[in-house]
Amino acid sequence: MRNIFLFIRRYFTLISFVLLQIFAWAMLIKYSRTHEAIFANNANEVTGYVSGKYKTVEDYLYLKKANEDLAAENARLKNMMAISFQGPDSTQQLYIDSLSKDTLGRVRKFLWLPAKVVNNDVNNEANYITLHRGRNQGVEKDMIVVGPNGIIGKVVLVSDNYARVMSLLNRFSKVSAMLKKDNYSGMVEWDGKDPRYVTLNNISKSAKVAKGDTVITSNLSEYPAGLMIGTVANITAEKASNYYTLTVKTSTNFFTLQYAYVVANLLYGEQKQLEAQTPKAQ
Amino acid sequence: MSTLLKNIIRFVLFILVQAFVLDKVPALHQYVKPVLYFLFVLWLPFNLPRFGLLVIAFVFGLSMDYFAGWPGLHAAPCVLIAYVRPFLLNILLPQESTELSYVEPSIKSLGWAPYATYVVILTFLHHTYLVLIEWTQVGDFVFFIGKVIATMAVSLLLIFVTEMLFFRKAKFRTNAA
């Protein structure tokens, strides 16, 4: 027993060094597996607060750009409103249904919540975004984040007033996408090189791809289907396989993010529950 | 200003500068990323106990991690350089025990060549470990080699500029202080 104490005293620094290293690695491994970390909650509140202060200053530099984006989005939405459509046939009249319940039996699947971006990285291998909207304002883990021009990422950490979003520009991020033209689907990933471009893998060579084609989220992804991701900028045919690798220019400009929408999939829990019940071996 | 207060201010400043200035600079290339924050560990006073040094480095690295959103990424390399630091200083310090007459490592207290060796070795260790962690999670071997070399070059340049801009007057330790 005495020898053990002597040993510990002799190598105290080495032992504490090894312990701290193990502690750091435990966090790294736990984090990369589940995207949750010890103390994450408190730390998120503190860093979120500091980032918010910083962002209030930075905001002034991009006010004009943010306004233009929001105005463009408003115009697009107004074009979709019923009031913009008018039939020349006067026997048909359009009534706006004031009933809050949809009588066709449709259920609301997606709920859009606006949020302000308070912190944003583009230079790391794993980039994250902080939003000023958290658990108290209805944000939960795994919710989707969309910007005025296209998708942004997915919520990985939530505290009371802030949410941490794994940006599309993250080596761990994977989004199921398809070509708008002919519905061929593949995976959008980021290779860590240029924050303006992401990669779309696994598009079969039978697809007729051309530069400038629109890439949207597929109906298999957690994102609402049909949201803009970007446009094809470069096409590489893999010699060894039957697939194209497409470079996609993101429609969201990640350098100037100001506002985003957190999209709550209200049926997500039900879908996951059903999928978990699938019998393993049949 | 007392050494404690000075180091607390440095702790906050280094993290804020790294998180809100250097991490916001648009990257020239995937490999070229300015990293300066670990200079805090290099500038800690001589007379800290080795265990204290490890704990301070760990807490410092962890605070940096929460701004970067990747817990453990900076904490592990910081602890490593804090562990190696005393051994390195033992070799580099002149025999007439500089640590008794100076407060912290600087160009003045160590001399040009030993201080440069000290900075280069610790920067190399820090970056190799940092990129190694990134490599185990993402990337390939070319990424590892390229990023270590590129980040080291940028960091050394930044440290040189910092040393020139904020010239620290090497204080002699007196009984009064």
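Two strands are taken to pair if DSSP finds at least two bridges between them, and strands (E, at least two residues) and helices (H or I, at least four) are DSSP runs numbered from the N terminus. The structure is a predicted model, in which local features need pLDDT of at least 70 and side-chain atom pairs count only at pLDDT 80 or more, whereas totals for chains, interfaces and linings use all residues. Residues are numbered from 1 along each chain as its sequence is written, chains are lettered from A in the order in which they are written, and side-chain values use heavy atoms, without hydrogens and water.

In chain A, strand β3 (residues 144–146) is joined antiparallel to β4 by 3 bridges, with A:Val145 facing its bridge partner A:Gly153 in β4(A). A hairpin of 4 residues links β3(A) and β4(A). On to β5 (residues 163–170), β4(A) forms 5 bridges, again in antiparallel orientation, and A:Val155 lies opposite A:Val165 in β5(A). The hairpin between β4(A) and β5(A) likewise passes through 4 residues. Strand β4 (residues 151–158) of chain A is mostly covered, as 7 of its 8 residues are buried (under 20% relative accessible area, with a 1.4 Å probe and protein chains only).

Chain A also contains a closed barrel of 6 strands in the order β6-β7-β8-β11-β10-β9, with antiparallel pairing. The twist averages 40° from one strand to the next, where axes are lines fitted to C-alpha atoms and angles run from 0 to 180 degrees between N-to-C directions. Within chain A, β10 (residues 228–237) and β11 (residues 243–250) run antiparallel and are connected by 7 bridges; A:Ala237 stands opposite A:Tyr244 of β11(A).

Pockets and cavities were located on a 1 Å grid over the protein atoms alone: a cavity is a set of points where a 1.4 Å probe fits but cannot get out, a pocket is an open set with protein on both sides within 12 Å along at least five of seven lines, and lining residues have an atom within 4 Å of a point.

By the same rule, 6 cavities of 30 Å³ or more are counted. The largest cavity has a volume of about 160 Å³. Of its 16 lining residues, A:Asn124, B:Lys33, B:Leu73, B:His74 and B:Glu134 are the closest to the centre.

Terms used. Points joined across faces, edges and corners; volume = space filled by probe spheres on them. Buried < 20%, exposed > 50% of the residue type's maximum accessible area, 1.4 Å probe, protein only.
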